[in-house]
Amino acid sequence: MKRTRIKICGITRTEDLHAAVDAGADALGFVFYARSPRYVTAERYAELARELPPYVNAVALFVNATVDEVRAVVAAGPVSLLQFHGDETAEQCAQLADAVQRPFTRAFRVKPDTTAADLLESEAQYRAASPWFSGLLLDTYVDAYGGAGKVFDWSLIPKELAPRVVLSGGLSVHNVTGAVAQVRPFAVDISSGVEAAKGIKDARKIAAFIDAVRAGDATLLSQEHHESQSS
């Protein structure tokens with residue numbers, strides 16, 4: 001059975017880190033962008049990273065960061081993956097990833113006029129630019145960096161691309177079961193949808209969200225069973 005991976009982003013507190021790990025998150029995101037309400041410094045990350053257990057990935061999110069800023073974070077604690085959310089070109093992403101020898105995902109902010117071909121072309125561009133490229137994270141376009149808790153039209157995601165993408169943007173306990181069943185992404189990413197306040201997570205919301213993702217996986221398994229029975 002395919003299991004959708006889950007990233008809880010915007011961790012700022014030790015208790016939130018433990019809540020996400022205990023609920024079954026595969027990855028935790030840490031935001032190194034000073035204008036974000038979920039911002040943590042490299043020094044703060046060093047403290048949080050001491051609480052990371054084995055096999056839970058730490059993802060470092062950057063917006064138009066310098067090489068020195070990325071290096072400082074990677075030196076502060078374990079970082080499995082970089083996530084670029086700014087105006088970085090494919091070449092700049094490649095240079096940053098190469099400088100610290102870490103794979104990266106690239107946030108693609110989906111606009112109302114974005115097409116399936118745009119997504120496939122972007123993935124191909126980043127894959128050609130760097131061996132460190134790991135995949136696209138699809139978020140909803142807003143006039144700011146980072147998510148705004150809004151959903152985009154999932155139907156424009158090409159079926160051949162979906163198994164490789166991280167789905168983000170406006171996910172919640174109310175819609176993620178359907179999102180997993182419809183899109184069949186490799187992973188889902190949530191931040192504001194499991195918060196009590198900006199930068200403060202709600203342990204019950206995290207657990208409920210992860211349960212809802214697993215319900216989506218179960219729906220997919222049932223669909224696949226029915227398809228195999230009827231074929």
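1. Strands β6 and β7 (residues 166-167) pair in the parallel sense over two bridges. Strands here are DSSP runs of E with at least two residues, helices are runs of H or I with at least four, and both are numbered from the N terminus. Two strands pair if DSSP finds at least two bridges between them. V166 in β7 is the bridge partner of L137.

2. This is a predicted model: local features need pLDDT of at least 70, side-chain atom pairs count only at pLDDT 80 or more, and totals for chains, interfaces and linings use all residues. Residues are numbered from 1 along each chain as its sequence is written, and side-chain values use heavy atoms, with hydrogens and water left out.

3. Look next at the other partner of β6. Strand β5 (residues 104-110) runs parallel to β6, and seven bridges join them. F104 stands opposite F133 in β6.

4. Why is β6 (residues 133-140) largely enclosed by the rest of the structure? Seven of its eight residues are buried. Buried means under 20% relative accessible area, exposed over 50%, and partly exposed in between (1.4 Å probe, protein chains only).

5. F104 and Y126 form an edge-to-face aromatic pair, at 6.5 Å centre to centre and 70° between the planes. Rings of Phe, Tyr and Trp (its six-membered ring) pair if their centres lie within 6.5 Å; planes under 30 degrees apart count as stacked, over 60 as edge-to-face and the rest as tilted. F104 lies in β5 and Y126 in α5, so the pair ties together parts that are 22 residues apart in sequence. Both residues are buried. Ring pairs link them into a cluster that also includes F30, F62 and F133.

6. The largest nonpolar core has 62 residues. Such a core is a set of buried Ala, Val, Leu, Ile, Met, Phe, Trp, Tyr and Cys residues joined through side-chain atoms within 4.5 Å. I8, L28, F30 and L82 have the most contacts inside this core. Helix α7 (residues 203-230) gives the most to the core, with six residues.

7. E195 lies in strand β9 (residues 195-197). Is E195 buried or exposed? E195 is buried, with a relative accessible area of 7%. Its side chain reaches the backbone nitrogen of G199 at 3.0 Å.

Key. Polar contact = N/O pair within 3.5 Å; in protein donor to acceptor, adjacent residues only side chain to side chain.
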